[in-house]
Amino acid sequence: MSEPTPTMAQPSLTGPSLTGPSLTGPSATRPSPGELARRAEALDAADELGKLRERFTLPEGVVYLDGNSLGALPAGVAATTADVVGRQWGELLIRSWDESGWWTAPERIGDKIAPLIGAAPGQVAVGDSTSVNLFKALVGAARLADPSRTRLLVDASTFPTDGYIAASAARMTGLTVEPVDPSQAAAAMGADTAVVLLNHVDYRTGRLHDLPALTAAARAAGAVMVWDLCHSAGALPVGLDENAVDLAVGCTYKYLNGGPGSPAYLYIAERHQTAFDSPLPGWNGHADPFAMTAQYVPATGAARARVGTPDILSMLALESSLDAWDGVSIEAVRAKSLALTDFFLECVAAYVPAGNVESVTPDEHARRGSQVSLRTANAREVMAELVARGVIGDFRAPDVLRFGFTPLYVGFADVERAARTLGHIFG
Ligand SMILES: Cc1ncc(COP(=O)(O)O)c(C=O)c1O
Ligand SMILES: Nc1c(O)cccc1C(=O)C[C@H](N)C(=O)O
């Protein structure tokens, strides 16, 4: 949905450059509306992931293109949540910490997310918000880095919370934050770079950054690499282990469909786990929490990322929501995501009178996440009108219409209807 305040304060990082491919092309080459509707039907009929939509509860008549902000409700979550509340809490009471597996939920659910982000088991702990995990990751990264190094590079167009947390982590660890354009990040890494924090997919433009190349560049420079996966996890293959990423964080309420405010996660590569020194050493991250000793001894493995008592209701709702991924390959999701965004761009070019919108999302597949952002005048009002007509995307200040495509429940007919509705608004 739309942001509550259009003039949200930005960190002291520069805003994104909203340049991108134009949607204006020779109208003679554009397909007709009837053709596009028929194509959508054929694409849906051939879509092997199409049946996954049954795993979600979506309101009738709505095209939901805001799964990059809040994912849809997976069908089993309501019953699971009722059981967690009624039986596990209501009847088993405190016994559920053992008998219902509450205590081990952060690592167990971390292992359920791990294959979706290319991580072997034992490296992902679920809990807290993304912002809190960013804090743990950045201070932890600074403590892993060579102490003579002084710079913390952050992508200049980052989601605000990353910039705010990086500034605070830098103050605490004696580092200096340096905003960088991700396309220049590799060149900016040097012998004095301690930590690099980048978003895998830019929240505003949908630009996908080159995780393998940028991680390799950080490694070559001797810096610790931290990725924010909020806009890529569940939308495309991430390959954390394969690319020897050091640390990563992400939320679970977007493409992972964990629900509003569902807990985030922290990935700590196995090779760093012994040395990872959390700045939030709560009793849940202790090697023996119930020994209740005065001295902190970190747990082994990803469990040392834990802080306090896990938010069990949200966490078990998330665990249930991840069942929607049973038997689904992230490669197939990526292929459909690209087909959906390609088709959306094509439909927008055909339906929206030329000159009204401009895509700020890269055309090139290798640089595109699972969203399309269109710049237009009066974007806030245009999005409000779209929502009123049953097409839910969101608005990002100052002038961006943002559309997220979740391949598990979005189909090609949805895409065609969304673009057609947008065309009617401008028509
Ligand atoms: C890239 C990115 N990082 C972090 C966040 C914020 O995470 P949280 O509210 O879970 O702390 C968001 C979205 O809210 C985001 O898009
Ligand atoms: N986390 C959110 C929330 O609590 C309310 C509304 C939106 C959000 C979001 O996730 C925003 C999102 N990160 C974005 O890309 O803009």
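Start with the whole chain: the centres of domain 1 and domain 2, taken over C-alpha atoms, lie 29 Å apart. This is a predicted model, where local features need pLDDT of at least 70, side-chain atom pairs count only at pLDDT 80 or more, and totals for chains, interfaces and linings use all residues. Residues are numbered from 1 along each chain as its sequence is written, while chains are lettered from A and ligands numbered from 1 in the order in which they are written.

**Domains.** Colour 27-75 + 329-426 as domain 1 and 78-325 as domain 2. These bounds come from an automatic or database domain assignment. Now select the contact between them: 28 residues from domain 1 and 22 residues from domain 2. Contact means C-beta atoms, placed from the backbone, within 7 Å.

Stay on the domain 1 side. Helix H10 (330-351) and strand S12 (371-375) each give two or more residues to the side that touches domain 2. H10 gives the most, with five residues. Helices (H or I, at least four residues) and strands (E, at least two) are DSSP runs, numbered from the N terminus. By class, this side has eleven nonpolar, eleven polar and six charged residues. Ala, Val, Leu, Ile, Met, Phe, Trp, Tyr, Cys and Pro count as nonpolar, Asp, Glu, Lys and Arg as charged, and the others, Gly among them, as polar.

Pairing takes at least two DSSP bridges between two strands. Zoom to Ser-359, whose bridge partner in S12 is Leu-374.

**Ligand 1.** Select the 13 residues around ligand 1; the closest are Ser-129, Thr-130, Ser-131, Phe-159 and Cys-230. The shell takes residues whose C-beta atom, placed from the backbone, lies within 6 Å. Helix H5 (130-144) and helix H6 (160-173) each supply at least two of its residues. The shell has five nonpolar, six polar and two charged residues.

**Strand S9.** Finish at residues 247-250. Three bridges join S9 to strand S8 (residues 224-228), running parallel, and four join S9 to strand S10 (residues 265-268), running antiparallel.

Note on methods. Contact = placed C-beta atoms within 7 Å. Buried ≥ 20, exposed ≤ 12 C-beta atoms within 10 Å, placed from the backbone.
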